[in-house]
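Colleague: I am new to reading protein models, and I would like to learn how to go from the overall fold to single residues. Could you take me through one example?

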Amino acid sequence: KGGGVGLLVREEIIVMERTDISLEDVESVWVELRNTKGQKTLVGVVYRPPNSISEVGDGIEQEISNACDKGKTVIMGDFNLHMDWANQIGRDTKEEDFLECMRD
């Protein structure tokens with residue numbers, strides 16, 4: 001693994017780490033945030049190392065799928081995919097697979 005990921009949250013926001021979403025081979029952190037009205041949002045921060053093996057990409061896609069199944073979700077991070085984000089076009093199968101996962 002690389003250097004890891006982090007997420008800073010204001011003190012007044014209730015935070016619960018969601019280790020049930022994280023997979024062992026993926027550098028990520030997932031938390032559930034609750035505002036003062038009790039509304040929940042799942043937030044994930046993910047890092048995909050450059051030139052990583054396809055299993056890492058598969059793991060990231062699985063985490064995203066697991067998280068999105070649980071409700072309102074925000075995903076951010078460094079995916080090291082250098083595609084045409086504006087037109088949602090990948091340069092290779094790895095990037096196309098990731099875009100498909102995000103569309104789902």
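Predicted model: local features only at pLDDT ≥ 70, side-chain atom pairs only at ≥ 80, totals over all residues.

Colleague: Which pattern of helices and strands does the protein chain follow along the sequence?

Modeller: The protein chain has 2 helices and 4 strands, and read along the sequence they follow the pattern β-β-β-α-β-α.

Colleague: What does the radius of gyration say about the protein chain?

Modeller: A compact globule with 104 residues would have a radius of gyration near 13 Å, and the 14 Å of the protein chain agrees with that. Buried residues make up 34% of the 104 residues.

Colleague: Which residues gather in a patch of negative charge on the surface?

Modeller: The patch brings together Glu24, Asp25, Glu55, Asp58, Asp92, Glu96 and Asp97. Helix 1 (54-68) and helix 2 (93-103) are the elements that give two or more residues to this negative patch. Glu24, for its part, sits in the loop between strand 1 (14-17) and strand 2 (27-34), and it counts as exposed because its relative accessibility is 71%, where exposed means over 50%.

Colleague: Where does Asn80 lie, and is Asn80 buried or exposed?

Modeller: Asn80 lies in the loop between strand 4 (73-78) and helix 2, and it is buried because its relative accessible area is 18%, under the 20% cut-off. Gln88 also lies in the loop between strand 4 and helix 2, but Gln88 is partly exposed, with a relative accessible area of 40%.

Notes
Residues numbered from 1 in each chain as written. Heavy atoms only, no water. Patch = residues over 30% accessible without salt bridge, like charges linked within 9 Å, V, L, I, M, F, W, Y side chains within 5 Å. Areas by Shrake-Rupley, 256 points an atom, 1.4 Å probe, with all protein chains shown as cover. Salt bridge = Lys/Arg side-chain N within 4 Å of Asp/Glu carboxyl O. Lys, Arg positive; Asp, Glu negative; His and termini not counted. Charge placed at Lys NZ, Arg CZ, Asp CG, Glu CD. Buried < 20%, exposed > 50% of the residue type's maximum accessible area, 1.4 Å probe, protein only. Rg over C-alpha atoms; globule rule 2.2 N^0.38 Å.
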